[in-house]
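Here are a few friendly notes to read with the model open beside you.

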Amino acid sequence: MIAPWIPITLAAAVFQVLRTALQAKLRGTLSAGAAGFVRYSYALPVDALMLGGALALLHAPIPTLSPAFLALCLGGGIFQIFGTVLLILAFGYRNFVVGTAYAKTEAAQLVIVSVLFLGVRLPPLAIAGIVIAVCGVLFLSFAGQRLAWRDLARASAQPAALCGLAAGFCFACTALLVRRATLSLPASTPLMLKALLTLCVTNALQTLVQGGYMAIRTPAELLRSFALWRPASLVGLSSALGSACWFAGFALTQVALVRGFGQVEIIFTIAAGHFFLKERFSAAETAGLLLVTAGVILIAV
(Lines give C-alpha, C1' and ligand atoms only; values in the text may rest on other atoms or scores of the structure.)
Protein backbone atom coordinates (compact mmCIF):
# COMPACT_ATOMS: atom_id res chain seq x y z
CA MET A 1 0.00 0.00 0.00
CA ILE A 2 1.34 3.44 -0.94
CA ALA A 3 1.87 5.78 2.01
CA PRO A 4 -0.46 8.83 1.75
CA TRP A 5 2.42 11.32 1.91
CA ILE A 6 3.86 10.06 -1.39
CA PRO A 7 1.03 11.15 -3.76
CA ILE A 8 0.62 14.33 -1.71
CA THR A 9 4.32 15.15 -2.22
CA LEU A 10 4.02 14.39 -5.94
CA ALA A 11 1.16 16.89 -6.19
CA ALA A 12 3.20 19.45 -4.22
CA ALA A 13 6.11 19.05 -6.66
CA VAL A 14 3.82 19.56 -9.68
CA PHE A 15 2.30 22.73 -8.21
CA GLN A 16 5.77 24.03 -7.30
CA VAL A 17 7.01 23.62 -10.87
CA LEU A 18 3.91 25.47 -12.10
CA ARG A 19 4.33 28.27 -9.55
CA THR A 20 8.00 28.73 -10.43
CA ALA A 21 7.17 28.98 -14.13
CA LEU A 22 4.43 31.54 -13.49
CA GLN A 23 6.56 33.52 -11.04
CA ALA A 24 9.42 33.68 -13.53
CA LYS A 25 7.20 35.68 -15.87
CA LEU A 26 6.82 38.41 -13.21
CA ARG A 27 10.56 38.95 -12.76
CA GLY A 28 10.71 41.30 -15.73
CA THR A 29 8.01 43.63 -14.34
CA LEU A 30 8.47 43.31 -10.58
CA SER A 31 11.50 43.50 -8.32
CA ALA A 32 12.76 40.31 -6.70
CA GLY A 33 11.14 41.23 -3.38
CA ALA A 34 7.79 42.06 -4.95
CA ALA A 35 7.82 38.88 -7.04
CA GLY A 36 8.33 36.94 -3.82
CA PHE A 37 5.65 38.93 -2.00
CA VAL A 38 2.88 37.98 -4.44
CA ARG A 39 3.57 34.34 -3.60
CA TYR A 40 2.24 34.91 -0.09
CA SER A 41 -0.25 37.73 -0.47
CA TYR A 42 -2.17 36.30 -3.42
CA ALA A 43 -2.12 32.82 -1.89
CA LEU A 44 -3.79 34.07 1.29
CA PRO A 45 -7.38 34.35 -0.10
CA VAL A 46 -7.06 30.85 -1.57
CA ASP A 47 -5.76 29.58 1.78
CA ALA A 48 -8.75 31.10 3.53
CA LEU A 49 -11.19 29.53 1.05
CA MET A 50 -9.60 26.09 1.45
CA LEU A 51 -9.65 26.45 5.24
CA GLY A 52 -13.31 27.48 5.18
CA GLY A 53 -14.14 24.53 2.93
CA ALA A 54 -12.33 22.12 5.24
CA LEU A 55 -14.16 23.50 8.28
CA ALA A 56 -17.52 23.09 6.55
CA LEU A 57 -16.72 19.62 5.22
CA LEU A 58 -15.24 18.22 8.43
CA HIS A 59 -17.67 19.98 10.79
CA ALA A 60 -14.73 20.64 13.07
CA PRO A 61 -14.09 23.80 15.12
CA ILE A 62 -10.90 25.83 14.85
CA PRO A 63 -8.64 24.78 17.73
CA THR A 64 -7.18 27.32 20.14
CA LEU A 65 -4.01 28.80 18.68
CA SER A 66 -1.33 28.76 21.35
CA PRO A 67 1.51 31.31 21.50
CA ALA A 68 3.93 28.48 20.66
CA PHE A 69 1.98 27.66 17.49
CA LEU A 70 1.98 31.31 16.38
CA ALA A 71 5.70 31.66 17.14
CA LEU A 72 6.53 28.54 15.12
CA CYS A 73 4.46 29.77 12.17
CA LEU A 74 6.12 33.19 12.34
CA GLY A 75 9.59 31.67 12.55
CA GLY A 76 8.93 29.33 9.63
CA GLY A 77 7.50 32.15 7.55
CA ILE A 78 10.45 34.45 8.20
CA PHE A 79 12.96 31.72 7.36
CA GLN A 80 11.12 31.18 4.07
CA ILE A 81 11.27 34.91 3.27
CA PHE A 82 15.01 35.01 3.98
CA GLY A 83 15.55 31.81 1.99
CA THR A 84 13.80 33.34 -1.01
CA VAL A 85 15.88 36.54 -0.74
CA LEU A 86 19.12 34.58 -0.44
CA LEU A 87 18.23 32.48 -3.47
CA ILE A 88 17.54 35.64 -5.48
CA LEU A 89 20.87 37.05 -4.29
CA ALA A 90 22.54 33.90 -5.60
CA PHE A 91 20.98 34.64 -9.00
CA GLY A 92 22.60 38.09 -8.88
CA TYR A 93 26.15 36.75 -8.82
CA ARG A 94 27.91 35.66 -11.98
CA ASN A 95 28.04 31.98 -11.08
CA PHE A 96 24.34 31.67 -10.35
CA VAL A 97 24.32 28.02 -11.46
CA VAL A 98 26.43 27.08 -8.45
CA GLY A 99 24.24 29.10 -6.11
CA THR A 100 21.07 27.49 -7.40
CA ALA A 101 22.58 24.02 -7.23
CA TYR A 102 23.69 24.45 -3.63
CA ALA A 103 20.22 25.70 -2.65
CA LYS A 104 19.00 22.26 -3.76
CA THR A 105 21.01 20.69 -0.91
CA GLU A 106 18.08 21.52 1.39
CA ALA A 107 17.08 17.84 1.59
CA ALA A 108 20.60 16.75 2.56
CA GLN A 109 20.79 19.52 5.16
CA LEU A 110 17.46 18.32 6.55
CA VAL A 111 18.92 14.84 7.05
CA ILE A 112 21.91 16.27 8.94
CA VAL A 113 19.80 18.52 11.16
CA SER A 114 17.07 15.92 11.75
CA VAL A 115 19.35 12.97 12.53
CA LEU A 116 22.27 14.63 14.30
CA PHE A 117 20.56 17.46 16.17
CA LEU A 118 16.90 16.47 16.55
CA GLY A 119 17.38 12.76 17.12
CA VAL A 120 15.01 11.77 14.31
CA ARG A 121 15.37 8.18 13.13
CA LEU A 122 15.21 7.68 9.38
CA PRO A 123 15.48 4.32 7.55
CA PRO A 124 18.99 3.78 6.13
CA LEU A 125 17.55 3.25 2.63
CA ALA A 126 15.71 6.58 2.88
CA ILE A 127 18.89 8.40 3.92
CA ALA A 128 20.76 6.82 1.00
CA GLY A 129 17.91 7.76 -1.34
CA ILE A 130 17.96 11.39 -0.22
CA VAL A 131 21.73 11.63 -0.75
CA ILE A 132 21.47 9.98 -4.19
CA ALA A 133 18.57 12.24 -5.23
CA VAL A 134 20.46 15.38 -4.14
CA CYS A 135 23.54 14.20 -6.06
CA GLY A 136 21.33 13.71 -9.10
CA VAL A 137 19.95 17.24 -8.78
CA LEU A 138 23.47 18.66 -8.48
CA PHE A 139 24.52 16.61 -11.50
CA LEU A 140 21.64 18.05 -13.51
CA SER A 141 22.40 21.57 -12.29
CA PHE A 142 26.00 21.39 -13.49
CA ALA A 143 25.24 19.51 -16.71
CA GLY A 144 26.60 21.38 -19.72
CA GLN A 145 28.52 23.90 -17.62
CA ARG A 146 31.96 22.37 -18.38
CA LEU A 147 33.23 23.05 -14.89
CA ALA A 148 36.48 21.30 -13.99
CA TRP A 149 36.90 20.11 -10.42
CA ARG A 150 39.25 23.03 -9.77
CA ASP A 151 36.65 25.47 -11.15
CA LEU A 152 33.90 23.84 -9.07
CA ALA A 153 35.98 24.03 -5.89
CA ARG A 154 36.74 27.69 -6.55
CA ALA A 155 33.11 28.47 -7.34
CA SER A 156 31.96 26.73 -4.15
CA ALA A 157 33.71 29.38 -2.07
CA GLN A 158 32.11 32.27 -3.95
CA PRO A 159 29.20 34.31 -2.58
CA ALA A 160 26.76 32.62 -4.96
CA ALA A 161 27.45 29.20 -3.44
CA LEU A 162 27.37 30.56 0.10
CA CYS A 163 24.03 32.27 -0.55
CA GLY A 164 22.73 29.04 -2.08
CA LEU A 165 23.75 26.98 0.94
CA ALA A 166 22.23 29.56 3.28
CA ALA A 167 19.00 29.54 1.24
CA GLY A 168 18.83 25.76 1.48
CA PHE A 169 19.37 25.98 5.25
CA CYS A 170 16.58 28.56 5.60
CA PHE A 171 14.16 26.41 3.60
CA ALA A 172 15.11 23.41 5.74
CA CYS A 173 14.37 25.42 8.90
CA THR A 174 11.04 26.49 7.43
CA ALA A 175 10.02 22.87 6.86
CA LEU A 176 11.06 21.80 10.37
CA LEU A 177 9.28 24.71 12.08
CA VAL A 178 6.12 24.17 10.03
CA ARG A 179 6.04 20.51 11.04
CA ARG A 180 6.51 21.47 14.70
CA ALA A 181 3.69 24.01 14.40
CA THR A 182 1.37 21.42 12.87
CA LEU A 183 2.18 18.86 15.55
CA SER A 184 1.58 21.44 18.31
CA LEU A 185 -2.13 21.56 17.42
CA PRO A 186 -4.49 19.26 19.39
CA ALA A 187 -4.28 15.60 18.36
CA SER A 188 -8.04 15.53 17.84
CA THR A 189 -7.80 18.08 15.02
CA PRO A 190 -8.16 16.43 11.56
CA LEU A 191 -4.93 16.24 9.60
CA MET A 192 -6.04 18.36 6.64
CA LEU A 193 -7.41 21.03 8.98
CA LYS A 194 -4.04 21.12 10.76
CA ALA A 195 -2.19 21.59 7.47
CA LEU A 196 -4.53 24.29 6.12
CA LEU A 197 -4.68 26.18 9.41
CA THR A 198 -0.89 26.21 9.69
CA LEU A 199 -0.61 27.33 6.07
CA CYS A 200 -3.17 30.11 6.46
CA VAL A 201 -1.60 31.51 9.64
CA THR A 202 1.94 31.30 8.21
CA ASN A 203 0.99 33.07 4.97
CA ALA A 204 -0.94 35.74 6.87
CA LEU A 205 2.08 36.48 9.06
CA GLN A 206 4.39 36.51 6.02
CA THR A 207 2.10 38.94 4.22
CA LEU A 208 2.03 41.25 7.23
CA VAL A 209 5.79 41.12 7.78
CA GLN A 210 6.95 41.53 4.17
CA GLY A 211 4.03 43.79 3.20
CA GLY A 212 4.78 46.09 6.14
CA TYR A 213 8.45 46.22 5.21
CA MET A 214 7.64 47.05 1.59
CA ALA A 215 5.11 49.70 2.61
CA ILE A 216 7.92 51.50 4.46
CA ARG A 217 10.88 50.86 2.17
CA THR A 218 9.48 50.25 -1.36
CA PRO A 219 5.86 51.48 -1.50
CA ALA A 220 5.94 51.81 -5.30
CA GLU A 221 6.76 48.11 -5.70
CA LEU A 222 3.99 47.21 -3.27
CA LEU A 223 1.46 49.13 -5.34
CA ARG A 224 2.78 47.58 -8.54
CA SER A 225 2.34 44.08 -7.12
CA PHE A 226 -1.35 44.87 -6.57
CA ALA A 227 -1.71 46.45 -10.02
CA LEU A 228 -0.55 43.21 -11.67
CA TRP A 229 -3.25 41.19 -9.96
CA ARG A 230 -4.13 39.04 -12.97
CA PRO A 231 -0.81 37.19 -13.43
CA ALA A 232 -0.04 37.44 -9.72
CA SER A 233 -3.28 35.69 -8.78
CA LEU A 234 -2.22 32.63 -10.80
CA VAL A 235 1.06 32.56 -8.85
CA GLY A 236 -0.92 32.77 -5.62
CA LEU A 237 -3.28 29.97 -6.64
CA SER A 238 -0.51 27.52 -7.57
CA SER A 239 1.48 28.54 -4.48
CA ALA A 240 -1.48 27.94 -2.17
CA LEU A 241 -2.25 24.52 -3.63
CA GLY A 242 1.40 23.49 -3.56
CA SER A 243 1.97 24.72 -0.01
CA ALA A 244 -1.17 22.93 1.20
CA CYS A 245 0.27 19.69 -0.16
CA TRP A 246 3.72 20.34 1.33
CA PHE A 247 2.24 21.16 4.74
CA ALA A 248 0.05 18.05 4.64
CA GLY A 249 3.13 15.97 3.80
CA PHE A 250 5.04 17.49 6.73
CA ALA A 251 2.15 16.59 9.04
CA LEU A 252 2.18 12.97 7.85
CA THR A 253 5.88 12.11 8.06
CA GLN A 254 9.39 13.46 8.63
CA VAL A 255 10.21 16.53 6.58
CA ALA A 256 13.50 15.03 5.34
CA LEU A 257 11.54 12.26 3.60
CA VAL A 258 9.06 14.71 2.07
CA ARG A 259 11.72 17.12 0.82
CA GLY A 260 13.93 14.29 -0.37
CA PHE A 261 11.12 12.70 -2.34
CA GLY A 262 10.15 16.18 -3.54
CA GLN A 263 13.37 16.28 -5.59
CA VAL A 264 11.20 14.55 -8.19
CA GLU A 265 10.13 18.06 -9.24
CA ILE A 266 13.26 18.39 -11.35
CA ILE A 267 12.14 15.33 -13.33
CA PHE A 268 8.81 17.06 -14.02
CA THR A 269 10.63 20.22 -15.09
CA ILE A 270 12.94 18.46 -17.52
CA ALA A 271 10.13 16.22 -18.80
CA ALA A 272 8.06 19.32 -19.60
CA GLY A 273 10.96 20.73 -21.56
CA HIS A 274 11.37 17.45 -23.43
CA PHE A 275 7.74 16.77 -24.32
CA PHE A 276 6.43 20.32 -24.78
CA LEU A 277 9.53 22.22 -25.90
CA LYS A 278 11.05 19.26 -27.78
CA GLU A 279 14.36 19.58 -25.94
CA ARG A 280 16.68 16.58 -26.07
CA PHE A 281 18.37 14.94 -23.11
CA SER A 282 22.15 15.01 -23.00
CA ALA A 283 24.11 12.08 -21.59
CA ALA A 284 24.81 14.04 -18.40
CA GLU A 285 21.13 14.94 -17.98
CA THR A 286 20.13 11.31 -18.48
CA ALA A 287 22.59 10.22 -15.79
CA GLY A 288 21.25 12.88 -13.42
CA LEU A 289 17.65 11.85 -14.07
CA LEU A 290 18.51 8.22 -13.34
CA LEU A 291 20.14 9.23 -10.04
CA VAL A 292 17.12 11.29 -8.99
CA THR A 293 14.76 8.47 -9.98
CA ALA A 294 16.77 5.89 -8.06
CA GLY A 295 16.87 8.20 -5.04
CA VAL A 296 13.13 8.85 -4.86
CA ILE A 297 12.43 5.11 -5.29
CA LEU A 298 14.66 4.32 -2.31
CA ILE A 299 12.89 6.99 -0.24
CA ALA A 300 9.47 5.58 -1.12
CA VAL A 301 10.38 1.96 -0.33
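1. Helix α2 (32–41) and helix α11 (residues 219–227) cross in a right-handed sense; a crossing is called left-handed if the near helix is turned anticlockwise from the far one by less than a right angle, and right-handed if clockwise. This is a predicted model, in which local features need pLDDT of at least 70 and side-chain atom pairs count only at pLDDT 80 or more, while totals for chains, interfaces and linings use all residues. Residues are numbered from 1 along each chain as its sequence is written, and side-chain values use heavy atoms, with hydrogens and water left out.

2. The angle between α2 and α11 is about 50°, and their axes are 10 Å apart. That makes α2 oblique to α11 (under 35 degrees counts as roughly parallel, over 145 as roughly antiparallel, 65 to 115 as roughly perpendicular, and the rest as oblique). Axes here are lines fitted to C-alpha atoms, for helices over the stretch in contact, and angles run from 0 to 180 degrees between N-to-C directions. Helices are DSSP runs (H or I, at least four residues), as are strands (E, at least two), numbered from the N terminus.

3. Which residues bring α2 and α11 together? From α2 come Ala34, Phe37 and Val38, and they meet Glu221, Leu222, Ser225 and Phe226 of α11; contact means heavy atoms within 4.5 Å. By class this contact has 5 nonpolar, 1 polar and 1 charged residues (Ala, Val, Leu, Ile, Met, Phe, Trp, Tyr, Cys and Pro count as nonpolar, Asp, Glu, Lys and Arg as charged, and the others, Gly among them, as polar).

4. Helix α2 also packs against α10 (residues 191–217), at about 150° with axes 9 Å apart. That makes the two helices roughly antiparallel, and their crossing is left-handed. On the α2 side the contact uses Gly33, Ala34, Gly36, Phe37, Tyr40 and Ser41, and on the α10 side Asn203, Gln206, Thr207, Gln210, Gly211 and Met214. These residues divide into 4 nonpolar, 8 polar and no charged.

5. Do look at α10 against α12 (residues 229–252) too: their axes come within 9 Å and cross at roughly 125°. That makes α10 oblique to α12, in a right-handed crossing. Among the α10 residues involved are Leu191, Leu196 and Thr202, and α12 residues include Ala240, Phe247 and Leu252. The contact has 11 nonpolar, 3 polar and no charged residues.

6. Finally, the second largest pocket is lined by 18 residues, with Gly33, Val85, Gln210, Tyr213 and Met214 nearest its centre. Helices α2, α4 (67–92) and α10 each give two or more residues to the lining, and α4 gives the largest share, 6 residues. The lining divides into 11 nonpolar, 6 polar and 1 charged. A pocket is, on a 1 Å grid over the protein atoms alone, an open set of points where a 1.4 Å probe fits, with protein on both sides within 12 Å along at least five of seven lines; lining residues have an atom within 4 Å of a point.
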